[in-house]
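Dear colleague,

Please read them with the model open beside you.

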Amino acid sequence: MIALSLLIAIPCVMWLAQTAMLRRHHLPIRWRLSNRDAPRQVRTVGRIATQAGLVSVIVLYPLSIGAPILGHYAHLYPRDASVMDAVVGALMAIVILVGLFLVWLACGRLEIDVHHERRRWVRRLVLLIPSAAFGAIVEESVFRGVLQFDLVRSGVSPVPSIAIAGAVFAAAHYVRSVKRKWTIFGHLALGVALSAAFAATHNLWLATGIHAGGILVILGARPFIRYRGPAWLTGESIFPFAGVPGVFGLAMLTMIVIMRFWRP
Amino acid sequence: MTDPTGTANRMKFAVRGPRTASEREQLEAYLKTHDDIDAEWFELRDDEELGTALKEGLYRGCLFADLDAAMDAAVAGRIRLDEIGADTVDLRMARGPSDASGMTSIRLALRSAARTAAARRQAETGRQTIAGMVLSAVLLAAIAGLLLIRRG
């Protein structure tokens with residue numbers, strides 16, 4: 001369980017960074033990881049600590065099992081025909097999310113409103129594809145390429161490995177103090193879908209494609225839409241997949257992944 | 001020549017169809033106490049027809065059950081209260097302020113609400129149409145991509 005130990009170390013590093021910054025600003029220590037009302041520097045250092053923690057896990061895990069860093073990830077991102085799985089995964093995620101948006105638009109559950117200033121949304125759109133790709137590659141490398149890989153390597157069979165990796169992925173999004181906790185069911189469904197993609201294909205292309213496609217649609221639409229709710233229908237904020245139709249869509253995606261991509 | 005029924009002196013009013021039984025009661029009670037009104041009832045579903053008739057000046061006034069009913073008509077936009085001449089059509093409410101200045105303010109507010117709601121609706125419809133077209137294009141492109149990959 002090397003991977004799990006490495007992952008648990010991330011919130012510890014984040015908390016130490018937060019505490020050091022709070023002390024530097026003569027602010028009281030917070031027992032929870034929370035940026036609420038904290039000075040900008042505290043928030044920036046918190047973000048850097050999170051990213052540094054994730055990258056450290058990506059780098060340290062292969063070394064800890066005696067594998068070359070690049071070799072480990074080259075094995076998980078093989079240069080063969082399975083590269084196309086990333087494109088298929090991204091397109092499937094786009095179809096599901098855009099389909100949901102269209103239905104909600106028709107039902108008056110989405111309000112179209114440009115609520116960011118032009119310069120900001122243009123910058124977001126320009127950086128959309130690299131942001132989606134980077135976010136998906138980092139998270140997939142950590143939760144599937146390290147955690148689930150380690151579970152399988154330790155002899156855990158596919159179904160429990162999907163459940164554990166999916167649950168840790170969901171829980172990781174709630175390590176920091178968040179505005180709403182009920183969206184965890186959406187993250188759980190997403191974690192299971194992505195973990196199933198890894199278990200089915202034995203590489204990270206499909207999971208990364210699905211993840212990147214989801215980020216692409218959600219971040220791309222974000223400056224232009226407001227969800228009119230109710231929350232159980234449209235989800236909240238950047239989690240449109242957390243509502244009932246979103247979770248149903250993810251369950252459907254998991255089924256498609258298992259039926260269409262499963263390789264023994 | 002005399003008019004035994006007195007209809008010649010009566011004002012022709014359109015009555016906006018009640019949404020509830022209590023609105024119907026309010027409207028009927030008002031009409032009972034106003035003999036000078038010759039009422040023609042419109043069903044709720046005939047709002048557009050009522051709006052056109054008011055715009056064409058076929059009625060001296062329009063009667064609503066109360067402010068809620070009038071505001072509902074103004075915001076829904078099927079009766080364009082902002083496009084009806086303020087001096088030609090008398091907007092009334094069966095249950096509303098009795099003083100003239102209060103009613104004048106309410107009429108102004110109703111016209112303003114109708115105007116604002118119409119502008120908002122127009123802008124929203126435009127944005128929704130563009131969003132619908134963009135989302136449909138993305139959806140179709142994604143489906144086409146999946147089909148092409150499957151064939152390849």
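A:Phe101 counts as buried, because its relative accessibility is 1% (buried means under 20% relative accessible area, exposed over 50%, and partly exposed in between, with a 1.4 Å probe and protein chains only). A:Tyr227, with a relative accessible area of 22%, is partly exposed.

This is a predicted model, in which local features need pLDDT of at least 70 and side-chain atom pairs count only at pLDDT 80 or more, while totals for chains, interfaces and linings use all residues. Residues are numbered from 1 along each chain as its sequence is written, chains are lettered from A and ligands numbered from 1 in the order in which they are written, and side-chain values use heavy atoms, with hydrogens and water left out.

Over all chains, the structure holds 10 aromatic pairs (rings of Phe, Tyr and Trp, the last by its six-membered ring, pair if their centres lie within 6.5 Å; planes under 30 degrees apart count as stacked, over 60 as edge-to-face and the rest as tilted). The pair of A:Phe101 and A:Tyr227 is tilted, because the ring centres are 6.3 Å apart and the planes stand at 50 degrees. Together with A:Trp104, these two residues are linked by ring pairs into a cluster.

A:Phe239 and A:Phe241 are both buried.

As for charges over rings (NZ of Lys or CZ of Arg within 6 Å of the ring centre and within 35 degrees of the ring normal), A:Arg144 lies over the face of A:Phe169 at 4.8 Å from the ring centre, and the charged end of A:Arg260 sits over the ring of A:Phe261, 5.3 Å from its centre.
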